[in-house]
Amino acid sequence: MDCPQCRQPMVAGARFCQACGAKLPAAPEALRVGAIAVDASGGSSVINIGAAAPAGVPGEHCPICGTFNRPDTTFRCKNCGRAYLCTRHQDSATFWCAECAATRAGAGAPTIAPAALFQVNYQFQRPFLPRSTEALARLLVSFRSSEGLDATAVTSVPLHLCLVLDVSGSMNREDKYPLLRRAIPRLVEALSDDDCLTMVLFSRGCDVVASVEPIAACRKQLPALLERIDRSGVKFGDRTLLAPALRRAADQLEHARQKMPTAADRVYILTDGELHDAEACRLMNPRFRALEAELHSYGFGPEFALDSMKAIMEGVPGGTVKPILDTRAVMDTFGHIGELSDRIMAREAEFIFTFAPAVIAGDAFRYEPGSQYFGAVDRRSKTFSVKLGNLERGRRYTFLFEGQVRPATGPEEAVGKAELRYRRDGGLETVETAVVVGRSDEPWHLVQVDEVTAEICAVLDALRRDDPGTQLRALRARQAIYRREGADPQLMALVDLAIAKVERGETLDEDEDRGLKADRSTQVGGGVPEGLRSLALSWLQRGESQGRMKWLTDLVERVEQATVSEVLRQLPPPQHAVLMAWLKGGDDPLRELDSAALKAFDDSLS
Amino acid sequence: MTAEGLGDLFDLLLELRGLVIEDRFVLQSLYGFGGHGYLWLTDDRLNAEQPVLTRLAALPYHRPAYMTDADIVRARSRLEREAQLLARFGGDGQRGLPKMIALCRGPNPLHLSERGTSITQTEPYLVMEWIPGPTLAERRVELASGLPATWPDLLTLARLTTTALIDLSRTLLPQGYLYADVTPRNLLCQELAGGVAVRVVDPGGIVPVGPAQNVELPCTWGYLPPEHYAAHQAGERVWPSEASVMHALGRTLWHVLTGRHPVPGEDVDLGDSALKECPEAIVAFVDALLAGRFARRNGVGSN
C-alpha cells in the first residue's frame with residue numbers, strides 16, 4: 001500500500017509515512033494500539049496488532065526453547081548476551097535469562113551449556129489458539145546446524161558417495177551424455193580428500209567403473225576413469241534396466257561400510273526416461289530401507305520416471321526426486337553434490353515428534369528437503385518418526401504437524417516434544433525441544449497469523465487434496481516462496497504457467513505435472529527474467545531482427561514487474577504462443593514454431 | 001460390504017465387533033455405510049432368531065484431529081432425529097420404513113479418551129429392523145447381469161417402487177412430512193414368501209413439508225430436479241416439495257427402466273434407446289412424474 005499523500009510505499013505497521021511524515025491509516029483488520037514498542041520493520045511507536053506479519057519479516061527462534069519470535073516480543077540477556085530470548089524466560093529479579101539467573105541463584109559461575117550441533121525450532125501458523133474451545137494447531141518444526149556453532153571446530157564426516165548413472169540409448173544426445181561426462185571431473189574435484197566414490201553405469205546391463213575409490217586416487221586417475229566410462233560395454237544400450245545397478249550399488253554400500261565404518265553414505269541415481277524394469281526396482285526398496293542408506297535421484301531432462309523413482313525411494317532416508325530440467329545445469333548440480341559432502345556433520349539421523357497426551361494427533365508432512373505427505377500420525381502412540389540419513393551443515397529440515405488441542409485453562413499449552421537423534425564419531429547424540437503454544441480468547445491474539453508458515457501449509461495441503469481450489473492456493477504459495485528465495489528459473493516458469501492454466505480451468509500436461517510434483521531443484525537462478533535475458537543474448541549473438549529483439553527486451557521488463565501469468569494474459573495470441581513455447585521447453589522458442597506461427601508472430605510485432 | 005472408499009477407517013470400524021450395547025445388542029459384522037451412518041448387523045440377546053441392524057453416526061473416526069466436538073454433537077443429533085422419525089413412522093415389519101427397536105446409549109471405543117466421558121460414553125446407537133435384500137440399484141444390476149433385463153421384471157420393479165413411495169407418502173403427508181431423498185440406494189427389495197416388496201430404508205430422508213430450521217436437507221444429486229441441483233450448486237437452500245419428490249421418483253423409475261444413473265443437473269432422456277420397447281403408457285407416466293404434473297394437480301397421495 002502507498003502513502004495517500006505522497007504515494008511512496010508505506011512500511012508495514014508504521015504510523016507515519018517515512019517520506020512525507022503524513023499520518024497513515026491502520027492496516028486492514030488490524031487493531032491499532034498505542035504503546036512503546038518496536039515492530040518488525042523497526043522504529044514505529046504504534047504497532048498494528050493482529051495484522052499478518054509480512055512474509056520475510058525479521059524474526060528469530062529463541063535459543064532456549066526454539067519458538068519463533070518477532071523481535072518486539074524478545075529480550076537480550078545482559079549476562080550471557082544471547083538475543084531473541086522469549087520474554088517468558090526472563091527472570092523478574094535480575095532481568096537475566098532463566099538459565100543465567102538459575103546459575104546465579106546456585107552461587108556458581110554463570111555458565112551456559114555449549115551450543116548443540118543442531119537446534120530444533122518451531123513455529124505455529126497461529127501463535128495463539130482459542131483457550132475455551134478445541135482448535136487445530138498447525139506447526140512447523142525445523143532444525144539446522146546451530147547458528148552459534150564454530151564451523152571450523154566441527155569436522156565433517158567422511159562420505160562414501162555412490163553414483164548410479166543412466167547411460168542408455170536415450171542419453172546418446174549432444175545435450176545429455178557429453179554434458180554428464182563433463183560433469184564428472186567437477187564432482188571429483190568438489191569432493192573432499194577423505195571421501196570415497198563408487199560409480200555404477202546402467203543401461204541393458206550395469207558396470208561398476210569405480211568401486212569405493214578414495215577421492216585422492218580418483219583425482220590422479222581421472223582420465224582413466226573417464227576412459228572406463230567411455231569404453232563401458234553397457235553404454236547406449238537399448239534398454240533402461242536400473243534394478244541390477246541398484247543391487248550392485250547396495251553391495252558396494254555394504255562393502256564400503258566394512259571399509260569405512262564411521263563414514264556416511266549417500267546414493268544418487270541419475271536417469272532421463274522411463275525405466276523398463278520399474279517393478280523390479282520397486283522390489284529393491286526393502287533392501288535400501290534395511291540398509292538405511294540415503295538415496296536421492298535426479299531426473300535428467302523433463303521425461304524422467306517420477307512415479308517409479310518415488311516408489312523406489314519410499315520410506316528410504318533422503319528420498320528426494322529432483323529434476324534437472326535444463327540438462328546444461330548438470331555440471332553445477334554435480335559440483336553441488338560434491339560440495340555437500342564437506343557439509344555432512346552427522347549420520348544415521350532420526351527425527352521424532354511426539355504429541356502431548358492431551359492433544360489429538362493429526363497429519364504429518366515434510367516440507368524440506370523434498371516435500372512428502374506421511375498421512376495421519378498414529379492416534380494412540382501419537383508418535384511420528386522418520387529416518388533422515390545424513391545431516392548437513394546449513395541445510396534446513398522442516399516438518400509440518402497438525403493436531404487438535406482441547407479447551408485449556410492456562411495461557412500456554414504443551415503440544416508435543418521434538419527430538420533429533422544422530423550419530424557422530426560412533427556416539428549417539430540427542431537434541432530435544434518442548435513445543436508450546438499460546439492459548440487465549442483475546443481477539444487480537446487470535447487474528448495473528450504467520451504468513452510464511454501459512455504459505456508452507458498451503459503448499460503441503462496440496463499433497464493430500466487434489467481439488468482445483470487447493471491446487472491453485474498451493475501454486476500461488478509456491479510462487480510467493482520461490483520468488484522470495486530465487487528458485488530455479490525453469491521451475492518458477494513452470495509454476496507461473498501452471499497458475500495460468502488452472503485459472504483458465506485447463507489441466508496440466510504430463511511433463512508439467514511431473515515437473516511440479518518433483519522435489520525442488522537445488523539450482524539457484526534469477527527466475528524467469530534471467531532466463532529470458534539469456535535467451536535475448538543468444539538472439540543477439542545470432543543477429544535476430546530488431547523487432548524481435550525489442551519485443552524480447554520489453555518482455556523481460558514486463559515479467560520483472562508482473563507475474564508471467566499476468567503477462568501471458570495480456571499478450572496477443574502469436575506472442576503468447578512464443579512465450580508458452582519457451583516456458584514449456586526452455587529452449588529457443590523460434591525453433592519450436594512452424595513457419596505460419598512465426599509469420600503470425602512477426603506480423604503481431606508490426 | 002467392502003473396504004472400498006473407507007480406507008484406514010475400515011480397520012478401525014472393525015474394532016467395534018463384539019461391542020455389547022445395554023447388555024442386549026451385540027455388534028457382529030459391519031454391514032454397510034452411507035453418508036450419515038455406519039450399519040452393523042447385530043445379535044439381539046432377547047430374540048436370538050432375528051438379527052437386527054444398528055446404526056452409528058458416520059464420522060471420520062480415523063482422523064480424529066479433523067472433527068470437532070460440535071461435529072460429533074451434530075452427527076448424533078441427526079441420528080436421534082432419525083430415531084424419532086422411525087419411532088413415529090416406522091413400519092410393521094412387512095411394509096413401509098424399517099421397524100424401530102431401540103435407541104440405546106453406550107460407550108464408543110472409536111473416540112479417543114482425550115474427548116472426555118461426555119463424548120466417549122454417550123454414543124447413540126439406533127437399533128432397527130434388519131431388512132435382508134439388495135437395494136433397488138443392486139437389484140437392477142442383478143437383473144441385467146449376463147442378459148438384457150426382461151420388461152415384465154422391470155415393470156414389476158417400477159410398479160413396486162411407485163407403490164412403496166406412494167404408500168409412504170400417504171402416511172407422511174397428512175402429518176406434514178415428505179420423503180425427500182428418493183434414490184435407488186434408499187429403496188430395498190425385500191424377498192418375501194409371496195414375492196418381492198420394495199421398502200424405504202433410510203428415515204433420514206423424511207423432512208417437514210415447508211422449510212424448517214435445524215434440519216439438514218437430505219439429497220442425492222442425480223435424483224434432484226435440475227433446477228434444485230443448480231440452486232444447491234449455487235449455495236442456495238431449496239426446500240423439497242411434493243413436485244420434487246415426484247420428480248425424484250420419475251428419475252428413479254428411469255434408472256430402473258434404463259439401467260443407467262441419471263446425470264446430476266441434466267434432464268433424463270425419455271427417447272433413450274433403452275426405452276424403445278417400454279410400453280408408451282409407462283413412458284408417459286414417468287414423463288408426468290418428471291414434470292410434477294401429478295403432484296401439482298392432485299397431491300402426492302392421490303395418485
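Predicted model: local features only at pLDDT ≥ 70, side-chain atom pairs only at ≥ 80, totals over all residues.
Two packed helices are described by the angle between their axes and the distance between the axes. For helix 12 (residues 468-485) and helix 13 (residues 489-503) of chain A, the angle is about 150 degrees and the axes lie 10 Å apart. Angles over 145 degrees count as roughly antiparallel, and helix 12 and helix 13 of chain A are therefore roughly antiparallel to each other. Their crossing is left-handed. Helix 12 of chain A contributes A:Pro468, A:Gln471, A:Leu472, A:Leu475, A:Arg476, A:Arg478, A:Gln479 and A:Tyr482 to the contact, while helix 13 of chain A brings A:Leu491, A:Met492, A:Val495, A:Asp496, A:Ala498, A:Ile499 and A:Val502. Sorted by class, the residues of this contact are ten nonpolar, two polar and three charged.

Attention then turns to the contact between the chains. Twelve residues of chain A and nine residues of chain B take part. On the side of chain A that touches chain B, strand 17 (360-368) and strand 20 (397-405) of chain A each supply at least two residues. That side of chain A comprises five nonpolar, three polar and four charged residues.

Chain B, in turn, is assigned domain 1 (8-129) and domain 2 (136-302). The centres of these two domains of chain B, taken over C-alpha atoms, are separated by 27 Å. Their contact draws ten residues from domain 1 of chain B and twelve residues from domain 2 of chain B. Where domain 1 of chain B touches domain 2 of chain B, the domain 1 side has five nonpolar, two polar and three charged residues.

How values were computed:
Residues numbered from 1 in each chain as written. Chains lettered and ligands numbered in written order. Axes fitted to C-alpha atoms, helices over the stretch in contact; angles between N-to-C directions. Helix = DSSP H or I, 4+ residues; strand = E, 2+ residues; numbered from the N terminus. Parallel < 35°, antiparallel > 145°, perpendicular 65-115°, else oblique. Left-handed = near helix turned anticlockwise from the far one by under 90°. Contact = placed C-beta atoms within 7 Å. Nonpolar A, V, L, I, M, F, W, Y, C, P; charged D, E, K, R; others polar. Domains from an automatic or database assignment.
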